[in-house]
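Dear colleague,

My notes on the ligand site and on one helix follow it.

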Amino acid sequence: MTLEIRPITDDEVERAEFITMYSFDSPERRDMAAAVERSRRIFPNDWSLASFEDGEMTAFIRVIPFAMRVNGRGLSFGAVGPVVSAPEHRRKGHVGALLRRSLADMRERGQVISGLHTPHPTLYRRYGWEIASLRRRYAFAPKEIELMAQPSERGRFRMIKADDWAQADRVYRLHSAARNGPLHRGELWWREAIFGTAGGRPVAGDVALWENGQGEPQGYVVYDQVTNPQDPEAHSLSVRELVALSSDAYLNLILYILRHDLPQETTWNAPPDDPFLSLVADAPKVRVEEEYDLLLRICDVEGALKLRPFANLEHPVSLTLQVSDSSAPWNEGVWRVEVADGATNVEKTSGEADLTLTATALAPIFNGYISASGAALAGLITARDEQSLATADALFATSYPPFCADGF
Ligand SMILES: CC(C)(COP(=O)(O)OP(=O)(O)OC[C@H]1O[C@@H](n2cnc3c(N)ncnc32)[C@H](O)[C@@H]1OP(=O)(O)O)[C@@H](O)C(=O)NCCC(=O)NCCS
């Protein structure tokens with residue numbers, strides 16, 4: 001038996017798509033033509049990796065190149081998805097081998113961090129991806145919601161389509177500039193992942209753009225109205241993304257959603273620092289859940305630490321990290337991070353470190369999801385002393401909690 005790992009060729013797109021569609025039980029697997037065409041159009045083969053046992057494709061992953069804003073700066077990011085294996089070849093370690101190989105590839109490509117979404121965090125933790133963001137989910141009956149504040153102007157709404165993607169992108173970029181977690185979306189991503197359709201359904205839904213009285217776009221909402229085919233009376237509406245640059249934009253967008261009063265239930269995926277609950281007159285009318293969201297991986301510890309903007313501290317800071325990493329051995333060792341006058345220096349050193357941790361534990365500290373003190377409290381890292389933890393907490397502090405609205 002031979003196991004080969006390599007990107008797929010044009011002739012292998014259909015098999016890769018079939019494994020994907022089958023694994024996620026997509027109805028498209030019964031008529032693959034549209035999915036194969038979409039895949040060929042959107043994804044170059046060299047973003048893929050597949051395993052072949054005696055020539056037969058057994059598992060498939062894709063790493064989409066993006067940049068992710070981390071504390072206000074775009075870092076080169078590998079978005080991993082899908083990760084699938086054919087059921088008859090599962091539990092043979094093929095996906096594990098693909099994930100390991102993807103780490104070496106990402107490092108070579110300068111993708112210093114990587115992320116994915118998954119219902120199987122324990123699988124990915126073995127290879128260094130760790131839960132590193134939360135998503136808040138509101139659910140409410142729109143007719144029951146009254147707001148504590150009103151906008152100062154009504155402005156104007158426009159439903160926009162794929163060719164208007166740049167108008168939403170302008171708002172998105174301004175909103176993401178200083179934030180932590182948003183991806184840099186390109187035209188293709190807007191057209192396919194926000195405005196596109198798959199299997200006859202919109203991927204994300206409709207997009208409504210809000211302009212203020214001067215005609216300036218200040219916010220948009222992406223939402224999908226769903227009628228249950230078994231019960232035409234059962235309507236729901238899900239808000240995929242709501243982005244607002246001003247209070248008037250935020251309030252108008254929420255009112256716009258609330259005026260969709262047919263749904264029995266409206267749900268909204270919001271960032272963990274969203275203020276909606278404080279805005280609602282009768283808070284118990286809103287159910288709030290928080291779920292883990294993105295898993296993050298530091299593919300290249302040295303490169304990622306060099307690029308990450310650290311908190312603006314008044315005095316120079318030095319911190320040493322002893323990192324272990326069984327899937328990416330180039331990350332192993334003691335790293336000294338020195339930050340002074342806005343400049344960062346990272347180099348390998350030796351001796352006892354301030355913090356001792358795995359690359360897995362470093363990921364959620366890196367993007368500010370958890371503090372070093374929190375990780376030490378939970379027994380996930382060890383620190384030389386309290387001062388080391390205080391230094392790490394101050395250094396890795398972020399202006400916003402991490403949040404990425406994109407699925408991939
Ligand atoms: C999840 C999935 C990709 C795993 O594929 P696989 O070929 O079985 O993975 P591997 O054999 O390479 O497993 C690698 C390791 O992860 C473990 N593992 C596999 N699936 C796991 C799961 N769902 N949860 C926890 N650990 C898991 C394996 O036991 C193995 O560990 P080991 O080396 O200690 O034995 C596959 O079951 C699948 O395609 N599922 C349907 C689609 C899906 O859920 N994809 C992932 C979405 S993020």
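The side chain of Arg91 places an N or O atom 2.5 Å from an oxygen atom of the ligand, a polar contact being a pair of N or O atoms within 3.5 Å. The ligand taken alone exposes 900 Å², of which the protein buries 76% (areas by the Shrake-Rupley method with a 1.4 Å probe).

Please note that this is a predicted model, in which local features need pLDDT of at least 70 and side-chain atom pairs count only at pLDDT 80 or more, while totals for chains, interfaces and linings use all residues. Residues are numbered from 1 along each chain as its sequence is written, and side-chain values use heavy atoms, with hydrogens and water left out.

Around the ligand there are 20 residues, each with a heavy atom within 4 Å of it. Arg91, Gly93, Gly96, His120 and Arg126 come nearest. By type, the shell comprises 7 nonpolar, 9 polar and 4 charged residues, with Gly counted as polar and Asp, Glu, Lys and Arg as charged.

Helices here are DSSP runs (H or I) of at least four residues, numbered from the N terminus. Among the buried residues of helix 10 are Leu362, Pro364 and Phe366. Just after helix 10, Gly368 has a positive phi of about 80°.

With kind regards

How values were computed: Buried < 20%, exposed > 50% of the residue type's maximum accessible area, 1.4 Å probe, protein only. Helix = DSSP H or I, 4+ residues; strand = E, 2+ residues; numbered from the N terminus. Polar contact = N/O pair within 3.5 Å; in protein donor to acceptor, adjacent residues only side chain to side chain.
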